[in-house]
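Student: I have a model open and want to learn to read it. Where do we start?

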Amino acid sequence: MTDRNAFIEKNMGLVHSCCNRFKGKGIEYDDLFQAGCIGLIKATSGFDESRGLMFSTYAVPVILGEIKRLFRDGGSVKVGRTLKELSLKAIRENERLSKTLGREPTVSEIAKSLDVSPESVAEALLAAQPTLSLTCESEDGIGEYDISVEPESEKLIENISLSEVMEKLPENDRKLIYLRYFRYKTQSETAEQLGMTQVQVSRREKVILSVMRKQLA
């Protein structure tokens, strides 16, 4: 369970990346984040490494699916009695741990304190969020929020996968790629900053890109 929780915490960036695509679409970011967390937990449970996929490639559509469900449900979640009771406990425990830790506790920390699964806590905290009507009053009367919930998921997956591959590179290789393709430096400028020759940068760059392409494939 500890390894699983650590894996979930490590991949929280995927949730933020997905949620950012829905900012300003009519539902508060905290609500989006809670739904995304449920998606991340489901993705962690269902991921099969033997299929040869990167985790982000599998997880992003699952996370986006949970967020879209929030929009389809009108920003509301049907809450049963058991979930409502857990929701109240999770809120109280969140407040208690916040005072004890001096910061907002993680879902895993709340779950451990309540002796329940992180999935249950994430769902309970999501259920505790206030509902949001997708209708609004305007000068012309009652209208609806214009919500586009079809993100460029493939592009998002590619960007996240690229970030994961970048993180696995040795520090000097990562700096080289960053300078060349994110800061748009020439090979000569990159060589000067890294203490290399232009020829060394050219050769190393080809090797790094070949490795990255294989990993992304």
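Tutor: With surface area. Accessible areas come from the Shrake-Rupley method with a 1.4 Å probe. Note that this model is predicted. Its protein chain exposes about 13,500 Å². Carbon and sulfur atoms supply 48% of that area.

Student: What percentage of the 217 residues count as buried?

Tutor: Buried means under 20% relative accessible area. Here 36% of the residues in the protein chain pass that test.

Student: Which elements make up the chain, and in what order?

Tutor: There are 11 helices and 2 strands. From the N terminus, the run is α-α-α-α-α-α-α-β-β-α-α-α-α.

Student: Which members of the largest nonpolar core touch the most others?

Tutor: A core joins buried nonpolar residues through side-chain atoms within 4.5 Å. The largest one here has 31 residues. Met12, Val15, Leu32, Leu40, Ile63 and Ile67 touch the most other members. Several helices each supply at least two residues of this core, including H2 (12-20), H3 (29-46) and H4 (55-72). Another core, of 11 residues, lies apart from it, with Met54, Ile177, Val201 and Ile208 among them.

Student: What is Leu40 in contact with, beyond four places in sequence?

Tutor: Its partners are Ile8, Asn11, Met12, Val15, Phe55 and Ile63.

Student: Is Tyr178 buried or partly exposed?

Tutor: Partly exposed, because its relative accessible area is 40%. Tyr178 sits in helix H9 (residues 171-181). A patch member needs over 30% relative accessible area. Tyr178, Tyr181 and Phe182 make a nonpolar surface patch of about 300 Å².

How values were computed: Residues are numbered from 1 along each chain as its sequence is written. This is a predicted model: local features need pLDDT of at least 70, side-chain atom pairs count only at pLDDT 80 or more; totals for chains, interfaces and linings use all residues. Side-chain values use heavy atoms; hydrogens and water are left out. Patches are made of residues with over 30% relative accessible area and no salt bridge: like charges are joined within 9 Å, nonpolar side chains (Val, Leu, Ile, Met, Phe, Trp, Tyr) within 5 Å. A salt bridge is a side-chain nitrogen of Lys or Arg within 4 Å of a carboxyl oxygen of Asp or Glu. Helices (H or I, at least four residues) and strands (E, at least two) are DSSP runs, numbered from the N terminus. Buried means under 20% relative accessible area, exposed over 50%, partly exposed in between (1.4 Å probe, protein chains only). Contact means heavy atoms within 4.5 Å.
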